[in-house]
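Welcome! Take a moment to look over the structure below, and then let us walk through a few of its parts together.

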Amino acid sequence: MTAPVALTALLTAVTGCVTVHGEREIIPAVDRAEAAEVLKHFNDGYNEAYRNLDPKVIDRVESGPLAEIGHADMRTQSALTPGGNPKYPSLVLDDARFTIPQQAGWPKFFLADTRSNRDRNRWFVVFLRGGAKEPWKAAYLSILSTDKVPKFATDKDGYAEAVPAAKGKDPGLATAPDAVSGAYTDYLRTGDGDVFAPGPRTTQLRAERDGLRRTPTFWTEYIDTPEKAPAFPAPALRTEDGGALVFFTAHHRERRTMAKGLRPAVTDPRTKPLLTGELTKSVTYTRVSESAVRVPAKGAGGRAVFLNRIESVTAVQGE
């Protein structure tokens with residue numbers, strides 16, 4: 001398997017060759033040939049990890065929320081199929097359309113909009129690279145129906161615009177990309193704010209939680225934690241309408257405390273392998289969510305809309 005090569009852009013001038021440094025100059029985050037190699041490297045690594053149930057391969061090709069989900073999957077599936085899963089049906093990502101922004105500085109990112117052999121949706125994979133000596137890794141995966149695929153703003157050469165394009169620059173959005181995670185977790189906690197449109201991941205999720213806060217057998221406490229760079233960057237791409245597609249991470253803890261005389265139980269075979277501690281009076285589930293939302297341009301009206309949200313249990317603690 002060939003590792004992604006470092007991006008080096010050389011301009012030929014009258015005086016000779018001048019190296020363009022990715023940390024200072026605004027250049028494409030990656031060239032299209034390398035982007036295709038990065039996607040193949042990830043696809044091959046993903047299949048290898050799930051066949052061999054090897055978390056080291058996850059670390060090689062994934063980062064951020066996708067790596068957290070992958071590590072939890074390795075623990076769960078290793079418990080269910082010890083020794084690996086050689087019959088794992090290979091994931092195929094093809095028909096790739098690359099959206100590549102021009103960027104200065106690090107991290108850099110690009111988007112692969114792909115076809116999958118799993119369903120009829122488009123699989124969006126966001127690749128991040130933290131520095132010139134670091135490899136590209138997949139950090140976000142979003143699954144979008146074809147009618148939800150946004151149209152990105154591009155320049156005359158076909159390159160997209162990263163939002164914000166430079167540190168400290170006004171992104172021109174109703175909510176800045178690095179503030180979206182905090183706005184979301186604040187909304188889940190309080191129900192206040194007008195950043196997000198009503199829907200399954202906002203109003204309906206809060207309604208579902210409200211139904212579990214107090215029941216005859218247990219009560220539930222929720223803690224939602226926003227995330228941001230450097231561990232969890234929020235890459236964003238400008239759309240044709242002046243808004244942006246923003247990817248972001250959040251963590252969620254749900255603690256269920258049982259009524260007197262009752263003990264908690266974890267029965268889901270996909271969750272039991274993640275359990276630590278002793279189930280006596282309460283159980284805490286830790287989840288990571290990765291989301292893709294459309295954020296409107298500043299002054300355009302409207303609210304941010306979820307295009308996809310994937311949430312996965314990564315730890316279970318009994319007390």
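A residue counts as buried when its relative accessible area is under 20%, as exposed when that area is over 50%, and as partly exposed in between. Please keep in mind that this is a predicted model.

**One side of a helix**

Let us begin with helix α5, which spans residues 203–213 and has Leu205, Arg206 and Arg209 as its buried residues. Why do these residues sit on the same side of α5? They cover an arc of only 95 degrees around the axis, and that places them on the same side of the helix. What do the buried residues of α5 pack against? Their partners are α4 (177–190), β10 (218–226), β12 (244–258) and β15 (305–318).

**A pocket beside charged residues**

Next comes the second largest pocket, with a volume of about 330 Å³. It is lined by 16 residues, and the closest to its centre are Leu205, Glu208, Glu254, Arg287 and Glu311. Which elements give two or more residues to the lining? They are α5, β12, β14 (282–295) and β15. By kind, the lining residues divide into six nonpolar, one polar and nine charged.

**Salt bridges**

The structure holds 19 salt bridges. Here are three of them, with the N to O distance for each.

| Salt bridge | Distance (N to O) |
|---|---|
| Asp241 and Arg294 | 3.1 Å |
| Glu254 and Arg287 | 2.8 Å |
| Arg287 and Glu311 | 3.4 Å |

Where in the chain do Asp241 and Arg294 lie? Asp241 is in the loop between β11 (236–238) and β12, while Arg294 belongs to strand β14, so this pair links distant parts of the chain, 53 residues apart. Asp241 is exposed, with a relative accessible area of 56%, whereas Arg294 counts as partly exposed at 26%.

Glu311 counts as partly exposed, with 36% relative accessibility. Which residues belong to the network here? Salt bridges that share partners join Glu254, Arg256, Arg287, Arg309 and Glu311 into one network.

**A last stop in a loop**

Finally, have a look at Ser145, found in the loop between β8 (137–144) and β9 (160–161). Ser145 is partly exposed, with a relative accessible area of 24%. How far apart are Ser145 and Asn121 in sequence and in space? They are 24 residues apart in sequence and 4.7 Å apart in space, C-alpha to C-alpha.

Terms used: Residues numbered from 1 in each chain as written. Predicted model: local features only at pLDDT ≥ 70, side-chain atom pairs only at ≥ 80, totals over all residues. Heavy atoms only, no water. Buried < 20%, exposed > 50% of the residue type's maximum accessible area, 1.4 Å probe, protein only. Helix = DSSP H or I, 4+ residues; strand = E, 2+ residues; numbered from the N terminus. Arc of directions from axis to C-beta. Contact = heavy atoms within 4.5 Å. 1 Å grid on protein atoms, 1.4 Å probe; cavity = no way out; pocket = protein on both sides within 12 Å on 5 of 7 lines; lining within 4 Å. Points joined across faces, edges and corners; volume = space filled by probe spheres on them. Nonpolar A, V, L, I, M, F, W, Y, C, P; charged D, E, K, R; others polar. Salt bridge = Lys/Arg side-chain N within 4 Å of Asp/Glu carboxyl O.
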